[in-house]
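Thank you all for coming; I would like to take a few minutes to walk through one structure, going from individual residues to the whole chain and then to a pocket. Please have a look at it first.

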Amino acid sequence: MDVYEDIRKGERGAWVSISAYLLLSAFKLVSGFYFASSALLADGFNNLTDIVASVAVLIGLRISQKPPDSDHAYGHFRAETIAALVASFIMATVGIQVIVDAVRALAAGEHSRPDVRSAGIALVCALAMGGVYWFNRRLAKQINNHALMAAAKDNLSDALVSVGAAVGIIGAQFGLPWLDVVAAIAVGMLICRTAWGIFRESTHNLTDGFDEKELGDLRSTIARTKGVEGIKDLKARVHGNHVLVDVVIEVDPQLTVIESHGISDRVEERMRKVQNVMHVHVHVEPKEL
């Protein structure tokens, strides 16, 4: 399938997130004011900041569709990874803010008793955001898109924030305002943990890190190619959701240039059949006797 077609599918997921955040944030803010629920209001403002993260993902997907040029010979696919990195910063900011606000409210002794119907609204919104998470996660796995997967994890975090808001509202009905703080801190820590995971994976890819097991699988595939006598060096790096491979193989020194080139072609062909390997550079050397 055309790689650019996959990215366009990813855009669909980003637009679903943006649309959901616009609708849910408006619904939560209006309901929060009407039912005097500070938890629901905070959740609504949280969704407004998430629109920024989704827009960042959308921009990254748009940039990654630009074809190769004189400055970007491999294309612009890493814009996806940068978008995921930006999303991780926004998620971490939201997570820290949730924790800070909860602790501040506890220290100030702010104990309100909102309308219990606002808890139902929070749970309905959590279910809706859970559906968006399921859609984006499924699509991200289908097209192997890191930026969209980051957006999906952000969707899950927001669903959990809404659940936390509902727990706080219900706790207030029974004279247990501390439940709001406990739920908020737990949710905030979970958001920060998710943000850290996205940040770590994004920076690993941007600094040309590559999974050792996957590298071993690539090595095995190359070693089994007919005519390959040995592998002197093998490197791989992630470019967006694609893989670039550089390998130095050893062949029989008695072979002609044409025969050695044929082995190189076979290695490239086998590598491109491996999922997401976009470009292979093969250097041939004679095997030392």
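When I speak of a contact, or say that residues touch, I mean heavy atoms within 4.5 Å. This is a predicted model, in which local features need pLDDT of at least 70 and side-chain atom pairs count only at pLDDT 80 or more, while totals for chains, interfaces and linings use all residues. Residues are numbered from 1 along each chain as its sequence is written, and side-chain values use heavy atoms, with hydrogens and water left out.

Let me begin with Ile231, which sits in strand 1, residues 230–239; helices (H or I, at least four residues) and strands (E, at least two) are DSSP runs, numbered from the N terminus. Leaving aside residues up to four places away in sequence, Ile231 touches Arg219, Ile222, Ala223, Val247 and Val248. Ile231 counts as buried because its relative accessibility is 19%, where buried means under 20% relative accessible area, exposed over 50% and partly exposed in between, with a 1.4 Å probe and protein chains only. From Ile231 to Glu201 there are 30 residues in sequence and, C-alpha to C-alpha, 28 Å in space.

Glu268, in turn, belongs to helix 8, residues 257–273, and is also buried, since its relative accessible area is 18%. Again setting aside residues up to four places away in sequence, Glu268 touches Val280 and Val282.

Turning to the chain, we find eight helices and three strands, in the order α-α-α-α-α-α-α-β-β-α-β along the sequence. The C-alpha atoms fill a box of roughly 85 × 30 × 30 Å along the principal axes. Of the 289 residues, 47% count as buried, and among contacts between residues at least 6 apart in sequence, 72% join residues at least 24 apart.

Finally, what lines the second largest pocket? Its lining has 18 residues, of which Phe210, Asp211, Glu214, Val238 and Val243 lie nearest the centre. A pocket here is an open set of points on a 1 Å grid over the protein atoms alone, where a 1.4 Å probe fits, with protein on both sides within 12 Å along at least five of seven lines, and lining residues have an atom within 4 Å of a point. Helix 6 (178–206), helix 7 (212–223) and strand 2 (242–251) each supply at least two residues of that lining.
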